[in-house]
Amino acid sequence: MWNADDDLTEGPIGRTLVVLALPLVAQNLVQVVQQVVDTFWVGRLGEDAVAAVGLNYPVTAMLTSVAVMAPFVGTQVIVSQRVGAEEYTGARRIAVHGLSFGVALAVVVTGVAVVGADRVVSLLGADPTVAPLAATYLATWALGVPAMAASDVLEGGFVGWGDSRAALYVNATAVLVNVALDPILIFGWGPVDGMGIRGAALATVAGYGVGFLLALAMALGLRDSFILSRDAVAFDLGEYRELVTVGAPAAGRRIAQDGVRIVVVGIVATVGGAAGLAAYTVGARVASVAFIPASGLSQAAQSVIGQNIGAELPERARRTTWVGVAIAAGALSLVGALQWLVPAGLTRLFVPDVSPAALDLTVDYLRILAYGYWAIGATYVLRAGFNGARRTRTSMVASLCQYWGVRLPLAVGGVVLLDAGVHAVFWAVTLSNVAVAVGLGAYYYYSTSSGMLDRAVSQAVADD
């Protein structure tokens, strides 16, 4: 039998992290490609259609956080610890609970989104020409949330087991289906009538559905790693409690982040106008691509740390965190240096016809962001260090401090008290990133010196 723990609890830590992270990095890149292709085809429908999809972005991000993050993170962390302890039946059992928990949450989210789509769009202040399109897209997109949630939970099981390639295969399949169906469902082809923006959402729903079917097939035996055997099927309130305890703070962290981002976008639009909003948007898009390696490394580190805690190797878990921090901070420092050198070229890559005012602001923002890239890389892995030890609440509190305690006050204070305009928001983003990295790093050092990982080992053994 294939045993992932042989790889994750032995051998060079740096190599283990990189090998496990590479498929996850590729998976995230595939998702970025999907967003670009979707935007391309929706853009053929006109500016209102693009605006409708863009308006829904914070809403879909929030709904995804509610439906997916808790069961996904809870499943990955607990599976990794139980695999490290060679408690394979228990690892499969928690995945079954995560699957039913995630689908139940997703069904509720789907119902709310479908019934309340018009109301949600109106609360966002959509233009009358955009609002009907946005409501149509949201109500249709929401139909795919149950499949997305189920697929993500199974991916969490595979990654927690140490098989990150399975997650890549699922996401690549979902994206290929989405990309292939986009032009057919949007514009029509043969016997299929074009459905416009509803077709774009249906292509995404179909991608989620096919991705889930592949994930389920692999979990039922198509792939020789994480397999859901019949003895894992159970419904235990204690298992659900454990999932919520570990996963709910992760969902809370994401919701807190998305809430502040919505407020910050409003501040940027108010004080920076169209040029400031364009600069902030381009900066966010460039950063989302730059952070892909750190995100993949973070997911890999979470599994490696969890398995080593389950295997009663707390010192290796601690070293995994610091090695991951060094890799992520170093890699993103190089990315930041490149971004600082060619900000105008990056801006024109995303917005070829950018105005001079927007170009100047975007160049400033990209350079300001670059100063804090190392901190973002470090923070991703430090959060994984706590999450792998089931300290997901620490990650949530750190994000609350970062966004609500540092970023938002600095942005508002800089605009109102210093009259620094949109540049106050730019610096608030970078300074909050640096602050959380330094604070979280210091707290991780203190916590591990005080026996946090030893206590995590004791808890994992007791739970098994």
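This is a predicted model: local features need pLDDT of at least 70, side-chain atom pairs count only at pLDDT 80 or more; totals for chains, interfaces and linings use all residues.
Together with Trp340, Leu341, Val342, Tyr371, Leu410, Trp427 and Leu431, Leu338 forms a nonpolar patch on the surface, and the accessible area of the group comes to about 780 Å². Two helices, H11 (314–341) and H16 (422–449), each put in at least two residues. H11 has the largest share of the patch, with 3 residues.

## Arginines over rings

## Aromatic pairs, and one cluster

Search the structure for aromatic pairs and you get 11. Take Trp322 and Tyr444: their ring centres are 5.6 Å apart and their planes stand at 75 degrees, so this pair is edge-to-face. The two residues come from distant parts of the chain, with Trp322 in helix H11 and Tyr444 in helix H16, 122 residues apart. Those two helices also turned up as suppliers of the nonpolar patch.

## The salt-bridge network

There are 6 salt bridges in the whole structure. One of them joins the side chains of Glu239 and Arg82, at 2.9 Å from N to O. Glu239 lies in helix H9 (residues 237–290) and Arg82 in helix H3 (residues 47–84), so this bridge ties together parts that are 157 residues apart in sequence. Both ends are tucked away: Glu239 counts as buried at 6% relative accessibility, and Arg82 is buried too, with a relative accessible area of 2%.

Arg82 also forms a salt bridge with Glu242, where the closest N and O atoms are 3.1 Å apart. That again links distant parts of the chain, Arg82 in helix H3 and Glu242 in helix H9, 160 residues apart. Glu242 is buried, with a relative accessible area of 13%. Glu239, for its part, forms a salt bridge with Arg93, with the closest N and O atoms 2.9 Å apart. Since Glu239 lies in helix H9 and Arg93 in helix H4 (residues 88–123), the pair ties together parts that are 146 residues apart in sequence. Arg93 is partly exposed, with a relative accessible area of 26%. Which residues make up the network of salt bridges? Arg82, Arg93, Glu239, Glu242 and Arg390 are the ones linked in it.

## Thr204 in helix H8

One last stop is Thr204, which lies in helix H8 (residues 197–222). Thr204 counts as buried because its relative accessibility is 5%, and the limit is under 20%. What does Thr204 touch, not counting residues up to four places away in sequence? Its contacts are Asp38, Tyr137, Trp141 and Asn178.

Key: Residues are numbered from 1 along each chain as its sequence is written. Side-chain values use heavy atoms; hydrogens and water are left out. Patches are made of residues with over 30% relative accessible area and no salt bridge: like charges are joined within 9 Å, nonpolar side chains (Val, Leu, Ile, Met, Phe, Trp, Tyr) within 5 Å. Accessible areas come from the Shrake-Rupley method with a 1.4 Å probe; for residues, only the protein chains shown count as cover. A salt bridge is a side-chain nitrogen of Lys or Arg within 4 Å of a carboxyl oxygen of Asp or Glu. Helices (H or I, at least four residues) and strands (E, at least two) are DSSP runs, numbered from the N terminus. Rings of Phe, Tyr and Trp (its six-membered ring) pair if their centres lie within 6.5 Å; planes under 30 degrees apart count as stacked, over 60 as edge-to-face and the rest as tilted. Buried means under 20% relative accessible area, exposed over 50%, partly exposed in between (1.4 Å probe, protein chains only). Contact means heavy atoms within 4.5 Å.
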